[in-house]
Structures are given as C-alpha cells and as structure tokens.
Amino acid sequence: MLRLTLAILLATAGLTASAQEGPLLGKIEGRTYVSPTGTFRVTIPVLPELGGDITDTPNVVTFQDDFTLHVSIAAFPQDATQRWELSTRGLKDYLIYFFSNFVLADFKQTFAGAQIESAKYIPSMLDGSLLTYILVPGGTMFADRIAQIGFSTRVPVAKRGNLLFVRNGHIFVISTELAERAVEGSHYKKTTEEEDEILRNRLNDIVGKMTFAKTPGAETAKK
C-alpha cells in the first residue's frame, strides 16, 4: 500500500508536475486525454493559450492553467486488500475509509494543519460517491499568483473539493482547488456555502467530461 499512498499524495497535493520528467505517459487525441492504462478518457479542461499544462503518472493526471484551474484525476486499480475492504464495509463506509486513511492522511502528512471541513455521501451520483471539502494551510497551487498581483505575502488557507467513487475495479479520486481563495486576496468574500457550490459544480463538470473503459461484467455507471 505504500506505493498507492504515494500516488494518492501526488494526486491530491498537486505534485505530479515536479515528479514527472519527459513526455506524457497518456495520449492526447484531439481535445481528449486518454489515461496510460486506458481506464478513462476526459475532455482536456485547459487551453494552451491560457497557460494550460498537463502532467501525468501511470495512474494520475493533473491539469492546471495560469488562472483558476487546478484539477487532478487519479484512478487506482483495487488490489485484493482494497476489494476485500469494499466487500466487507459496503460502498459508503469504504469510500470514507479510503478518504480518511489515504487522501486526508497524506494531506496531513504534507501540510501541517490540513483538516476536513465537511463531507457528504451522494448515493445517486456515479452509483455512490463521496464529496469532501478540506482546508489545506500552505497548500495552494497558485502561490505565484499571489506574488504577481501584489497582495499580502501571507498565503491563504487553500480549499480543495474531492470526489471519490469506484468504477470498473478502480478507485477514482478527483480533486480541485478553489483558486479564488488565493488569487482574489482581500476582495475574496465567498461564504462556505458558496465555496462548496463552486467546487461541487467544477467536480461535476469534470465528471461530465469523462468516459470510462468498459470491462467484462462491469456496468457503466449512471451519472
């Protein structure tokens, strides 16, 4: 599980860019990114003219531009242990277990003070998904924007939305940062409810751009 934990860390903390050297492992087909394993395809959410950049590992892809987009999509094959955990816990408790023991744990290990703000299980989305919001002191991927705009050098607490679900024997973790917290400085006035709605809509938008490989005996999830 150590390698899985490290991969989750790279995905959620947005560190794939520094971890990767060389060309993409996945494929670009027009405006579509195809994961190295063929597990999923997604319409590319960034544009080169806006500083859009794509980095990946065998199981994680990260998209970022120069403005307000940073999103990572992780798809990890479930080994025997993970399949057993799912079968014994049930989907809801399994997603909570996976988030707590891998995603949130890695945030806490990397960023002191990282904490969960709220979480909700959505049975009607993707045949069952877990939506979480976490606060990450020092964890913004837009720190350079703070300096460029000339706001206070104090880095605001980053907020990330995370969506977890299971598909075709894989555990998916989609994560995106609410960049406005970093780039708008003293002009930022959003409430917690407004922040949650923005992140939820952005995660839904990413999921809506994805298609998943069909595997024998696996049903295509209902969005």
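Reader: Which residue of β3 is the bridge partner of V34?

Author: V34 has R41 as its bridge partner in β3. The model is predicted, so keep in mind that local features need pLDDT of at least 70. Now widen the view from that pair. β2 covers residues 32-34 and β3 covers residues 40-43. Three bridges join them, and the two strands run antiparallel.

Reader: What is the strand order of the open sheet that holds β2 and β3?

Author: The order is β1-β2-β3-β11, four strands with antiparallel pairing.

Reader: Why is one side of β1 and of β11 left without a neighbour in the sheet?

Author: β1 (27-29) and β11 (210-212) are at the edges, and each has a single partner strand, so one side of each has no neighbour in the sheet. From one strand to the next, the twist averages 20°.

Reader: Now the other sheet. How many strands does the open sheet running from β4 to β7 have?

Author: Seven, in the order β4-β5-β6-β10-β9-β8-β7. The pairing is antiparallel here too. Its edges are β4 (53-56) and β7 (115-122); each has a single partner strand, so one side of each lacks a neighbour in the sheet. The twist averages 15° from one strand to the next.

Reader: How many bridges join β8 to β9?

Author: Eight. β8 spans residues 129-136, β9 spans residues 158-167, and they run antiparallel.

Reader: With which residues is I122 in contact, leaving aside neighbours within four places in sequence?

Author: G128, S129 and L131.

Reader: Next, helices. What describes a packed pair?

Author: Two packed helices are described by the angle between their axes and the distance between the axes. Take α3 (residues 80-89) and α4 (residues 91-110): the angle is about 135°, and the axes are 7 Å apart. The two helices are therefore oblique to each other. Their crossing is right-handed.

Reader: Which residues make the contact?

Author: From α3, Q82, E85, L86 and R89. From α4, L91, D93, Y94, Y97, F98 and F102. They divide into six nonpolar, one polar and three charged.

Reader: Which helix lies across β9?

Author: Helix α7, residues 192-208, at about 40° to β9. α7 also lies across β6 (70-77), β7, β8 and β10 (170-177).

Reader: Last, the whole chain. How many helices and strands are there?

Author: Seven helices and eleven strands. Of the 223 residues, 49% count as buried. Consider contacts between residues at least 6 apart in sequence: 59% of them join residues at least 24 apart.

Definitions and conventions. Residues numbered from 1 in each chain as written. Predicted model: local features only at pLDDT ≥ 70, side-chain atom pairs only at ≥ 80, totals over all residues. Heavy atoms only, no water. Pairing = 2+ DSSP bridges. Axes fitted to C-alpha atoms, helices over the stretch in contact; angles between N-to-C directions. Contact = heavy atoms within 4.5 Å. Parallel < 35°, antiparallel > 145°, perpendicular 65-115°, else oblique. Left-handed = near helix turned anticlockwise from the far one by under 90°. Nonpolar A, V, L, I, M, F, W, Y, C, P; charged D, E, K, R; others polar. Buried < 20%, exposed > 50% of the residue type's maximum accessible area, 1.4 Å probe, protein only.
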